[in-house]
Amino acid sequence: SVSLLITACPTPLEFDSVPAIKYESSEINQRTVASGSQPIYYDELSITISYEDGDGDIGFRRNEFNPPYNFYDLILDEDGELILYGSSPELPPYNFYDYIILSDTTFNNTILNQDTVLIDFNERYFNIYVSFFVNWPGNEGFEEFEWGKEHPFYQTFHGRFPTFKPHDYGRPVNGSLTYNIRVYGFRYIFKDHPMYLEVYILDRAGNKSNIVKTDIFQMPPLE
């Protein structure tokens with residue numbers, strides 16, 4: 001899960017309409033959540049970036065999931081039917097970006113129940129993107145750990161942050177944004193291997209910011 005802390009400067013300067021970000025800091029903290037008689041421990045990765053945008057069109061309004069900010073579009077075959085996972089050897093392997101599992105849904109008079117169908121993922125659904133890079137033992141450099149394609153995870157840690165000025169687009173904004181990622185089991189997956197994250201944001205028009213890289217870090221040792 002993710003959470004955000006956002007601040008904005010009261011008198012921003014003139015900026016480009018394409019958002020720009022800078023890496024500020026990152027940290028790892030162990031947290032607990034109550035669960036019956038035993039607490040559950042998890043790690044929280046916090047990434048702080050500064051941002052600037054010339055027309056202030058960054059962030060989503062509440063419950064803004066309709067196009068152009070929808071999660072996906074269905075891909076149909078030449079007969080206008082859904083394309084099911086595994087129906088052709090030419091289809092991509094299962095991953096977060098190419099498939100979705102539909103249940104309790106009717107399409108062309110067909111009831112779908114836990115059916116996995118091919119989709120066209122919409123990049124504008126998220127407005128902050130986070131990629132993980134790890135230096136595995138025996139490797140000379142860092143390699144991206146692609147959560148969306150890695151079995152058995154098939155998830156991402158991208159997110160959606162709210163608008164800074166819901167009724168006042170068209171004016172420049174700048175400030176800082178802290179993106180908190182709640183993670184379970186990272187210490188077992190990554191151990192003490194060196195890691196870093198890459199981050200970028202999208203504005204409401206779909207303009208992509210520059211990519212920033214965090215400092216190299218390691219997960220704390222297992223206790």
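The legends below describe close-up views of a predicted model. Residues are numbered from 1 along each chain as its sequence is written, and side-chain values use heavy atoms, with hydrogens and water left out. In this predicted model, local features need pLDDT of at least 70 and side-chain atom pairs count only at pLDDT 80 or more, while totals for chains, interfaces and linings use all residues.

Figure 1. Helices (H or I, at least four residues) and strands (E, at least two) are DSSP runs, numbered from the N terminus. Along the sequence the pattern reads β-β-β-β-β-β-β-β-β-α-β-β. The C-alpha atoms fill a box of roughly 55 × 50 × 45 Å, taken along the principal axes. Of the 223 residues, 40% count as buried. Buried means under 20% relative accessible area, exposed over 50%, and partly exposed in between (1.4 Å probe, protein chains only).

**Figure 2. The largest nonpolar core has 31 residues.** A nonpolar core is a set of buried Ala, Val, Leu, Ile, Met, Phe, Trp, Tyr and Cys residues joined through side-chain atoms within 4.5 Å. Those with the most contacts inside this core include Leu45, Val130, Phe132 and Phe190. Among the elements that give two or more residues are strand 2 (20-33), strand 3 (40-53) and helix 1 (186-190). The largest share, five residues, comes from strand 9. A second, separate core of seven residues includes Phe96, Phe121, Tyr125 and Tyr129.

**Figure 3. Phe71 and Phe96 form a tilted ring pair.** The count comes to 35 aromatic pairs in this model. Rings of Phe, Tyr and Trp (its six-membered ring) pair if their centres lie within 6.5 Å; planes under 30 degrees apart count as stacked, over 60 as edge-to-face and the rest as tilted. Here the centres are 5.7 Å apart and the planes stand at 55°, so the pair is tilted. Phe71 lies in the loop between strand 3 and strand 4 (72-74), and Phe96 in the loop between strand 4 and strand 5 (99-107), so the pair ties together parts 25 residues apart in sequence. Phe96 counts as buried, at 17% relative accessibility. Ring pairs link Phe71 and Phe96 into a cluster that also includes Phe65, Tyr72 and Tyr200.

**Figure 4. Trp147 meets Phe190 edge-to-face.** The ring centres are 5.9 Å apart, with planes at 80°. Trp147 sits in the loop between strand 8 (143-145) and strand 9, Phe190 in helix 1, 43 residues apart. Trp147 is buried at 5% relative accessibility. Phe190 is buried too, at 0%.

**Figure 5. Two arginines lie over aromatic rings.** A charge sits over a ring if NZ of Lys or CZ of Arg is within 6 Å of the ring centre and within 35 degrees of the ring normal. The charged end of Arg160 is 3.9 Å from the ring centre of Phe60. Arg182 lies over the face of Tyr42, at 4.3 Å from the ring centre.

**Figure 6. Cis peptide bonds and positive phi values mark the backbone.** Most residues other than glycine have a negative phi, and most peptide bonds are trans. A cis bond joins Pro67 and Pro68, with omega about 10°. The bond from His151 to Pro152 is cis as well, with omega near 0°. Asn109 has a positive phi, near 65°. Asn109 lies in the loop between strand 5 and strand 6 (110-121) and is exposed, at 79% relative accessibility. Lys191 has a positive phi of about 50°. Lys191 is found in the loop between helix 1 and strand 10 and is partly exposed, at 47%.
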